[in-house]
Amino acid sequence: MTGYRLHYFPESGNSYKLALMLTLCGQEFEPVWTDFGGGVTRTAEWRRTVNAMGEIPVLEDSGSPLTQTAPILLRLAERYGRFGGADEDERYEVLRWLFWDNHKLTGYMATYRFMRAFTPSPDPQVLAFLHRRLDDYLGIAEQHLRDRTFVVGAGPTVADLSMSAYISFPKHETGYDLAESHPAVHAWLGRIATLPGWKPPYDLLPGKRMHCYA
């Protein structure tokens, strides 16, 4: 019997990826709210006892802490036989898009959204730089999804769950009205939202929220 505890904070798209994966696989987890905004993940005690990398999320799997979202998603996909790709070629594509997402789409959207929505005085030049990069990456996703139902193959994979997470938050946080700017991406998000058990981020990630300045 596997017991999961998810250390998270509600605004974390990476936390949402794991919460959604577990939920779609029919698994329950104990949510462990973490005061990320208060700086707890930067303390020596938290890094000694929870995650030496100083990052959220952390998924405890029967007491063993797992970190880094992409390999956790792949581990869960293998364990439950879901969302991992249908064959060797699809599994390669899942890895390819996971790595791209972590380095590009998630990496830049997480930073842009945090600065734009959750800091009181973001540097406009930095925001403009990040926005230009995001326009490029969302454009790549838009082109890819124009003639595909999901990112890889005929069904959803962890690549879809990973790429969709940060852009599933409210548009006043992300700064993008995807229905207008990226209709293929918006339609793809709609298809993901029809998966049995799907819930939006703040429904899966309860707890005290950081102040939003956007």
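Trainee: What is the handedness of the crossing of α5 and α9?

Mentor: Keep in mind that this is a predicted model. The axes of α5 (residues 124–145) and α9 come within 8 Å. As for the handedness of the α5 and α9 crossing, it's left-handed.

Trainee: And how are α5 and α9 oriented to each other?

Mentor: Start with the angle: their axes cross at roughly 70°. Angles of 65 to 115 degrees count as roughly perpendicular. So α5 and α9 are roughly perpendicular to each other.

Trainee: Which residues of α9 meet α5, and how many in that contact are charged?

Mentor: On the α5 side you'll find Leu 138, Ala 141, Glu 142 and Leu 145. They meet Pro 183, Ala 184, Val 185, Trp 188 and Arg 191 of α9. By class, the contact of α5 with α9 has seven nonpolar residues, no polar ones, and the number of charged ones is two.

Trainee: Now α6 with α9: is α6 oblique or roughly perpendicular to α9?

Mentor: The axes of α6 (residues 158–165) and α9 come within 11 Å and cross at roughly 120°. The roughly perpendicular range is 65 to 115 degrees. That angle therefore makes α6, relative to α9, oblique.

Trainee: Which α9 residues make the contact with α6?

Mentor: α6 passes α9 in a left-handed crossing. From α6, Asp 160, Met 163 and Ser 164 take part. The contact residues divide into four nonpolar, one polar and one charged. On the α9 side, they're Trp 188, Leu 189 and Ile 192.

Trainee: On to the pockets. Which helix gives the most to the lining of the second largest pocket?

Mentor: That pocket has a volume of about 270 Å³ and is lined by 16 residues, with Ile 167, Ser 168, Leu 178, His 186 and Leu 189 nearest its centre. By class, the lining has 10 nonpolar, four polar and two charged residues. α7 (171–174), α8 (178–181) and α9 (183–192) each supply at least two residues. With four residues, the helix giving the most is α9.

Trainee: And which helix gives the most to the lining of the largest pocket?

Mentor: About 490 Å³ of space lies in the largest pocket. It has 20 lining residues, and the closest to its centre are Ser 12, Asn 14, Ile 56, Ala 110 and Tyr 166. By class, the lining has eight nonpolar, nine polar and three charged residues. Supplying eight residues, the helix giving the most is α4 (residues 88–118).

Technical notes: Residues numbered from 1 in each chain as written. Predicted model: local features only at pLDDT ≥ 70, side-chain atom pairs only at ≥ 80, totals over all residues. Heavy atoms only, no water. 1 Å grid on protein atoms, 1.4 Å probe; cavity = no way out; pocket = protein on both sides within 12 Å on 5 of 7 lines; lining within 4 Å. Points joined across faces, edges and corners; volume = space filled by probe spheres on them. Nonpolar A, V, L, I, M, F, W, Y, C, P; charged D, E, K, R; others polar. Axes fitted to C-alpha atoms, helices over the stretch in contact; angles between N-to-C directions. Parallel < 35°, antiparallel > 145°, perpendicular 65-115°, else oblique. Left-handed = near helix turned anticlockwise from the far one by under 90°. Contact = heavy atoms within 4.5 Å.
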